[in-house]
Amino acid sequence: MRLSTRIALGAAVLVPLLVAAAGVLLLPLVGADLHRRQDDRLGARAAAVLPNARALLAADSRNRPKVEQNQQRKLLDAALDAGVRVVAADGTVLLSAGSQPDDPARLPAAPSGGAVTVRQGGSAWRVLAVQVGGGSTAGTLWVLAPAGEPADELRAVRRRVLLVALVAAPLSGLIGFGLAERATLPLRRLGRRAAVLDPRAGHAAFAHVRTGTAEVDELSSAIALLLSRYDEQADRTAQALDTARSFSSAASHELRTPLMSLRTNLDVLAAHPDLPAGERAEVLAELQQDHARMLDLLSALSALARGDLVELSAFGPVDLAELVDAAVAEAARRHPDTVFRIGELPSEVRVFGWDAGLRILLANLLGNAAVHGRATAHGREAGRNDTPGTDPDTDPATGPDDAPDDARSAEVTVRLRVGDGAARLTVDDTGPGIPPAERAAVFHRFHRRPDSPGSGLGLTLVAQQAALHRGSVLATDRPDRPGCRLEVRLPLLVPDAPTVRLPSPRDWLSDRERH
């Protein structure tokens, strides 16, 4: 049933009920007013005939001739249009005219204090008793009027109320239907717009148009907001599906080589149970390396996927100085052959960040420096980004180092400075550095040396987290001595700043073009 029809039916039922309720409240008031008017008329009539009643009583007490008494009776009859009764002090009825009870005992004694209702049989009268004169001319005057007159008028009012209620039912229904049709017109237009909306067009196709009706405008705004949230969720779902496909594709492609190597070595062990101890140890070492590589790869891919799918709700105020201090301590534990130094570290550096993501960034920065920061006698170049993808939340393995025997231990220096509204983190190592032509490529997915034990995702994770935090990462030469410097800049937390949005699109896992 249409809303306008419901409103019309409601009006058709409600208005007559309101009229009837008003009549129920009004009828007692009308009845009281009618009785008051009748009492006022009785009082006026009593005042009008009172002189004639005195004259009649005086004529009777003085034994005046009958002619004079009759004349007084005529005067009384001419002055009245209702019942009248005059009784002398000795009980002699001098005048009884008009409608009145047959039993005089029912009449009130004078003075009665006002008009009263007297009933006899099926009839009722409104009676006013008045004391007349005194002494030998004393008597009582009763003026009477049928009590049914107000009742007749009340019945007439009741009939009119009922008539108004009956007429109001269809009339109010029609008026309510017309007003409801006009009032719901913007709502019907909104419904037609929503019915023809193409879900593929998104919330942009549902432009909010003000109608002047507050409820309809609120509903239109709510629909537009709902569509906007639906679009965002659809985008996030599509991104999650793309990330899952990319994860599956990358894992299957990158795991093919270590899995084949695992299978080969296992076949060798199975086919040669009497393999010499030295060769068996070599095969087992290769199995361990392949296992560590697969574990590092899956850990790094998982971290990339987390970064691509992280929500803004995971971000908040973070003390970067505290994270750096903890990350250096953890890196020193994982790489006992590397010397870590903290150069400059402020007491507190507040950024708006994702705690787990910043830990991933720091772990991979320090792990990369520990693996590639060794200075060798041959001065070989390092093809960076082959550090095992380090994710602190998954307890990653760092993998075996591939440094030759003549490589000296790496020395890593970490500094954190603040300036120009940003936190500047630098990680310096003592390795051979990165050639200028490769400094952009080291942040690409799976960029590594052919003999690298890592996943090729370490610096990709660093670049991803820097971008997520609206920062940047840069590879340069170390300014004070030979070696590599990786510098990360992150914006400082600004109090009362408007809520930031995460960069989009984020396709680090699939390595699509990012902008």
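What is the mean pLDDT of the chain, and what share of its residues reach 70 or more? The mean pLDDT (the predictor's confidence in each residue, from 0 to 100) is 77, and 76% of the residues reach 70 or more. Over residues 377-382 the pLDDT is below 50, and this stretch has 16 contacts (heavy atoms within 4.5 Å) beyond near neighbours in sequence in the model. Over residues 394-406 the pLDDT is likewise below 50, with 32 such contacts in the model.

This is a predicted model, in which local features need pLDDT of at least 70 and side-chain atom pairs count only at pLDDT 80 or more, while totals for chains, interfaces and linings use all residues. Residues are numbered from 1 along each chain as its sequence is written, and side-chain values use heavy atoms, with hydrogens and water left out.

Helices (H or I, at least four residues) and strands (E, at least two) are DSSP runs numbered from the N terminus. Helix α8, residues 355-372, has 18 residues and reaches 26 Å from its first C-alpha to its last, close to the 26 Å expected at 1.5 Å a residue, where the expected span is 1.5 Å times one less than the number of residues. Of the 18 residues of α8, 16 are buried; buried means under 20% relative accessible area, exposed over 50%, and partly exposed in between (1.4 Å probe, protein chains only).

Most residues other than glycine have a negative phi.

| Residue | Phi | Loop between |
|---|---|---|
| Arginine 470 | about 60 degrees | α9 (458-468) and β11 (472-477) |

Aspartate 420 counts as exposed because its relative accessibility is 84%, whereas arginine 470, at 38%, counts as partly exposed.
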